[in-house]
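Subject: A structure to look at, with notes

Dear colleague,

I am handing over a structure that you have not worked with before, and I would be glad if you read the notes with it open beside you.

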Amino acid sequence: MKHSTNRQTRRGRGPARRIGRSLAFVLPVVLVLSGTLAVARVNWSGTPSSPVLTASDTSASGASSRAGARAPQHVLRDKLLVELQEENPGVALTHLQQAVNDRPSLAKHCASIARALGKAAVRVHGPTQAQSYARPVCDTSFASGVTTANH
């Protein structure tokens, strides 16, 4: 026979169940907000926003300066831009092709480097002369850079 008292049963509404339900609603909200705030707080530009570095920043900057401060594709691009100004875009494109052949890891950056060369060629030599240096290095990205620099 069942008693009609207010006795709590195992599957009833005890304090553990109420706390569990509250956490089930509150915990996802807290996790989303903390994740959003963490992502918003990160400096995605890569340049330090304040002159004071944290301990993790100093260890990371020390490691990057030992390993070379700049990525190989940026060093190559800058070297080729100097060659373009000192000689001509044809020499820079030839050296770009040679660099990609020597280091296949640079192939994924070839198009962006060739476009940068095309834009620089327009600034240095004008659109007509710059277009005369176009060749199929990196899927005609040089010509694409020349075209976008004109607009």
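This is a predicted model: local features need pLDDT of at least 70, side-chain atom pairs count only at pLDDT 80 or more; totals for chains, interfaces and linings use all residues.

Residues are numbered from 1 along each chain as its sequence is written, and side-chain values use heavy atoms, with hydrogens and water left out.

The whole chain

The protein has 7 helices and 0 strands, where helices (H or I, at least four residues) and strands (E, at least two) are DSSP runs numbered from the N terminus. Of its 151 residues, 22% count as buried; buried means under 20% relative accessible area, exposed means over 50%, and partly exposed lies in between (1.4 Å probe, protein chains only). The exposed surface comes to about 11,300 Å², with 58% of it supplied by carbon and sulfur atoms, and such areas come from the Shrake-Rupley method with a 1.4 Å probe, only the protein chains shown counting as cover for residues. Among the contacts in the protein with a separation of 6 or more, 64% join residues 24 or more positions apart, a contact being heavy atoms within 4.5 Å.

The core

The largest nonpolar core has 21 residues, and those with the most contacts inside it are Leu 76, Leu 80, Leu 96, Leu 117 and Phe 142. A nonpolar core here is a set of buried Ala, Val, Leu, Ile, Met, Phe, Trp, Tyr and Cys residues joined through side-chain atoms within 4.5 Å. The elements that give two or more residues to this core are H3, H4 (89-102), H5 (107-125) and H7 (141-150), and H5 gives the most, with 7 residues. Leaving aside neighbours within four places in sequence, Leu 117 is in contact with Leu 80, Leu 81, Leu 84, Ala 92, Leu 93, Leu 96 and Phe 142.

H3 against H5

H3 and H5 pack at an angle of about 25 degrees, with their axes 10 Å apart; axes are lines fitted to C-alpha atoms, for helices over the stretch in contact, and angles run from 0 to 180 degrees between N-to-C directions. That angle makes H3 roughly parallel to H5, since angles under 35 degrees count as roughly parallel, over 145 as roughly antiparallel, 65 to 115 as roughly perpendicular and the rest as oblique. The crossing of H3 and H5 is right-handed, a term used if the near helix is turned clockwise from the far one by less than a right angle, and left-handed if anticlockwise.

Gln 73 lies in H3 (residues 72-86) and counts as buried, at 17% relative accessibility. Apart from neighbours within four places in sequence, Gln 73 is in contact with Leu 106, His 109 and Ile 113.

H5 against H7

H5 and H7 pack at an angle of about 45 degrees, with their axes 7 Å apart, and are therefore oblique to each other. Their crossing is right-handed, and the residues that make the contact include Leu 117 and Gly 118 of H5 and Phe 142 and Gly 145 of H7. Within H7, Ser 141, Phe 142, Ala 143, Gly 145 and Val 146 are buried, and what covers the buried residues of H7 includes H4, H5 and H6 (127-132).

Asn 150, also in H7, is partly exposed, with a relative accessible area of 41%. Asn 150 and Lys 119 are 31 residues apart in sequence and 8.4 Å apart in space, C-alpha to C-alpha.

A buried loop residue

Val 137 is found in the loop between H6 and H7 and is buried, with a relative accessible area of 5%. Leaving aside neighbours within four places in sequence, Val 137 is in contact with Leu 93, Leu 96, Gln 97, Cys 110 and Ala 114. The C-alpha atoms of Val 137 and Cys 110, which are 27 residues apart along the chain, are separated by 8.3 Å.

With best wishes
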